[in-house]
Amino acid sequence: MTMQENRNHPGIPEFFAGKTVALTGATGFIGQLLIEKLLRSCPDIKGLILLIRSKKGKSITERLQKIIEPPIFDKLRKTRPEFASKLIPVSADIEKPGFALSDEDVQLILDEVNVFIHSAATTKFNEHLTLSYAVNTNGVHELLKLCRKIKNLHAFVHISTAFSFCDKSFIGEEVYPTGWDYDKLRTSMQRMSDEMVSDLTPDIVKDRPNTYTLTKAFGEEVLVKEGEGLPICIIRPSIIGSTYNEPIPGWCRSLNGPTGHFIAFAKGYARLLCARSDHYLDIIPADFVVNGIIAAAWKTALSGRSDQLLSKVSTTKYHASLPKNISREQLQLLGYTKEDESVSVQARRKSIPIYHIVTNPKYALTISRMASSMMHHFTRYPVDNALRLPENVIVISNKFLYRTCAFFLEYIPACMFDAGLILFGQKPKLLRVLRLLSSAMTALQFFLYNHWEWDEGSTLKLQREMSDRDQKEFNFSKDDFDLKLFIERYYMGTKRYVLKEDPLGYPAARRHLWRLRVLGWIFQFCVFMITWRILIPRSQLARNLWHLLTSFWSKFLRFTSISSNLSRFKMFH
Ligand SMILES: CCCCCCCCCCCCCCCCCCCC(=O)SCCNC(=O)CCNC(=O)[C@H](O)C(C)(C)COP(=O)(O)OP(=O)(O)OC[C@H]1O[C@@H](n2cnc3c(N)ncnc32)[C@H](O)[C@@H]1OP(=O)(O)O
Ligand SMILES: NC(=O)C1=CN([C@@H]2O[C@H](COP(=O)(O)OP(=O)(O)OC[C@H]3O[C@@H](n4cnc5c(N)ncnc54)[C@H](OP(=O)(O)O)[C@@H]3O)[C@@H](O)[C@H]2O)C=CC1
């Protein structure tokens with residue numbers, strides 16, 4: 001019998017009624033949306049305990065005020081103005097042992113929490129391995145220690161990434177071995193200076209593009225090796241874009257993922273994208289991710305512990321590939337291991353429920369189609385004060401060609417622009433922006449050249465098990481998903497919420513684009529005339545070409561006047 005058929009199962013809002021949810025990463029993009037959605041769609045929830053650290057001189061209560069400030073909370077502000085009374089901030093730093101929680105806060109968590117959602121992570125790709133490990137891997141270890149002591153824990157939802165095993169092209173619903181003993185690696189790193197760790201990082205990361213994906217994979221391995229007996233599930237979203245529908249369409253707030261590039265192209269800072277044009281970019285709306293997380297918490301709580309499924313799982317042996325540059329002995333000293341895993345660990349790799357929240361090639365857009373629909377939006381809804389026309393973005397897959405073109409089409413104009421700014425007594429800015437973009441482009445490169453496909457079996461099953469009402473209220477189905485509309489909303493949201501531009505500024509922005517277009521024509525005409533003036537007196541070939549062109553032009557004019565006279569003649573006879 002499916003869960004939908006079993007009428008004894010509560011629906012999602014009924015399940016959360018009277019329950020307390022703990023959340024890490026509450027100040028983050030997803031954390032903020034989760035808080036809003038849980039309060040809005042599960043009105044009888046008892047409370048949310050938010051694990052927040054103080055940062056940049058801001059206390060946790062000040063940071064809580066910031067969390068609920070944005071327009072995504074406007075609906076709640078209208079319908080339930082007292083909603084903030086359900087939010088309990090506690091001070092927690094994931095990098096510290098035991099999260100540096102106070103004794104009272106630990107007690108509160110142990111007594112009250114029913115569902116734990118772990119969303120905190122350092123999402124910077126090029127983060128130092130030590131810090132990335134501390135947050136994305138050791139954070140999970142510390143959290144499991146805490147969760148074991150919680151009196152009434154129904155579900156532990158861990159947010160990972162669809163790219164944690166991006167060294168594979170088909171990604172199944174299992175936690176593959178990284179080949180590393182993450183704990184031994186941690187001890188090795190503790191004995192090393194930061195510089196030594198940086199030097200060894202490429203050998204440790206190896207087939208992955210960055211420290212982020214490796215430490216997130218370790219985080220999943222922690223769940224396998226240390227999470228036995230707990231009601232765990234893993235959510236793996238792909239590239240999270242803006243919201244599609246709720247609480248408002250197009251909500252986004254940082255330059256992460258593709259947002260930074262959208263802005264760079266819309267503003268005309270960049271013209272070239274180094275990518276494979278037939279590559280699929282797997283972007284998923286943030287509200288789908290949030291709804292998937294809530295539904296997975298509900299399902300996990302109702303299904304019980306994941307190890308109850310152990311008997312159903314076959315135990316195949318895994319062989320992870322060995323990093324190559326440094327010697328096997330050195331790697332083994334660091335924590336690379338060939339030891340066989342126990343049968344129960346091998347089984348748990350496949351038994352923990354994993355939900356891929358992805359578009360998959362069936363629904364995703366190729367880069368070239370995305371670029372052409374983006375350019376359409378750039379001109380239809382132009383950003384304010386664009387530097388150049390955003391109409392001619394070129395996708396180049398050859399890296400050498402890209403670098404050559406970037407030099408002429410991006411760097412030289414940027415130098416000229418910055419020189420102009422200096423002449424007018426202003427600070428140069430374009431070269432800095434280009435340097436940042438180039439660093440972002442390098443960091444994102446791997447994701448623009450490789451293809452992945454994910455197993456979505458459990459995600460689709462989860463959707464089927466939800467009631468019709470819950471499927472609508474907590475929607476993450478792609479059945480009625482219009483990817484083009486989503487991309488349009490994403491771009492509009494970037495303009496409105498990240499650039500903080502008034503959409504009513506369109507006519508002025510459009511006039512500005514026209515000025516740029518006319519300036520462009522004048523510039524091209526001048527370049528043409530100057531080159532011509534230099535070439536005509538010096539080259540016979542240029543003179544022949546000129547004669548050819550002018551004679552073609554006069555023939556063309558004569559032909560058009562004859563044909564228009566002919567048509568007039570036909571009209572009268
Ligand atoms: C017409 C054209 C349309 C075509 C569309 C195609 C667009 C292609 C885009 C490609 C997108 C591919 C995305 C793949 C992502 C895979 C995701 C895996 C999913 C996840 O699980 S992770 C979550 C997402 N995480 C990120 O996106 C983090 C990315 N950022 C970084 O890793 C680092 O910030 C970066 C970019 C390596 C720079 O690091 P660093 O040099 O150390 O500098 P800072 O981090 O301190 O930042 C300095 C400065 O840069 C700004 N910044 C941050 N990110 C970007 C960005 N993507 N683009 C431009 N600028 C960026 C940052 O805000 C700072 O600005 P300040 O003004 O504060 O100095
Ligand atoms: N955004 C994306 O495209 C994708 C994200 N994911 C995953 O989804 C989850 C949420 O991502 P998202 O919301 O976008 O990330 P954000 O970068 O927006 O937020 C990260 C959160 O983690 C918190 N955090 C980081 N370090 C610490 C620390 N030492 N102590 C306490 N809190 C800390 C941050 O708090 P603070 O404000 O204090 O820094 C912030 O609340 C992450 O696990 C990420 O790996 C997966 C796929 C794609």
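Threonine 243 is buried in this predicted model, with a relative accessible area of 0%; buried here means under 20% relative accessible area, exposed over 50%, and partly exposed in between (1.4 Å probe, protein chains only). The residue sits in the loop between β8 (239-240) and α10 (259-266), where helices (H or I, at least four residues) and strands (E, at least two) are DSSP runs numbered from the N terminus. Leaving aside residues up to four places away in sequence, threonine 243 touches Leu33, Ile248, Pro249, Gly250, Trp251, Pro285, Ala286, Asp287 and Phe486, a contact being heavy atoms within 4.5 Å. A polar atom of the threonine 243 side chain lies 2.9 Å from the backbone nitrogen of tryptophan 251.

A polar atom of its side chain lies 2.6 Å from the backbone oxygen of valine 197. Beyond residues up to four places away in sequence, threonine 201 touches Leu129, Lys206 and Thr211.

Turning to the sheet, 7 strands form an open arrangement in the order β3-β2-β1-β4-β5-β7-β12, with parallel pairing; two strands pair if DSSP finds at least two bridges between them. Its edge strands are β3 (87-91) and β12, each of which pairs on one side only. On average, neighbouring strands are turned by 20° against each other, direction ignored. For such angles, axes are lines fitted to C-alpha atoms, for helices over the stretch in contact, and values run from 0 to 180 degrees between N-to-C directions.

Strand β7 (residues 232-237) is largely enclosed by the rest of the structure, because 6 of its 6 residues are buried. In a regular strand the side chains alternate between the two faces of the sheet. Both faces of β7 are covered, with Ile232, Ile234 and Arg236 buried on one side and Cys233, Ile235 and Pro237 buried on the other. Strand β5 (residues 155-159) runs parallel to β7 and is joined to it by 4 bridges; here phenylalanine 156 stands opposite isoleucine 232. Another 4 bridges join β7 to strand β12 (residues 354-357), again in parallel. Within β12, histidine 356 stands opposite arginine 236, and isoleucine 357 is the bridge partner of proline 237. Helix α9 (residues 211-226) lies across β5 and β7, running at about 160° to β7.

As for confidence, the mean pLDDT of the protein is 88, and 91% of its residues reach 70 or more; pLDDT is the predictor's confidence in each residue, from 0 to 100. Over residues 306-319 the pLDDT is below 50, although this stretch has 31 contacts in the model beyond near neighbours in sequence. Where pLDDT is low, the predicted coordinates should not be read in detail. For the complex, the predictor gives an ipTM of 0.95 and a pTM of 0.89.

Residues are numbered from 1 along each chain as its sequence is written, while chains are lettered from A and ligands numbered from 1 in the order in which they are written. In this predicted model, local features need pLDDT of at least 70, side-chain atom pairs count only at pLDDT 80 or more, and totals for chains, interfaces and linings use all residues, while side-chain values use heavy atoms, with hydrogens and water left out.

Note on methods: Polar contact = N/O pair within 3.5 Å; in protein donor to acceptor, adjacent residues only side chain to side chain.
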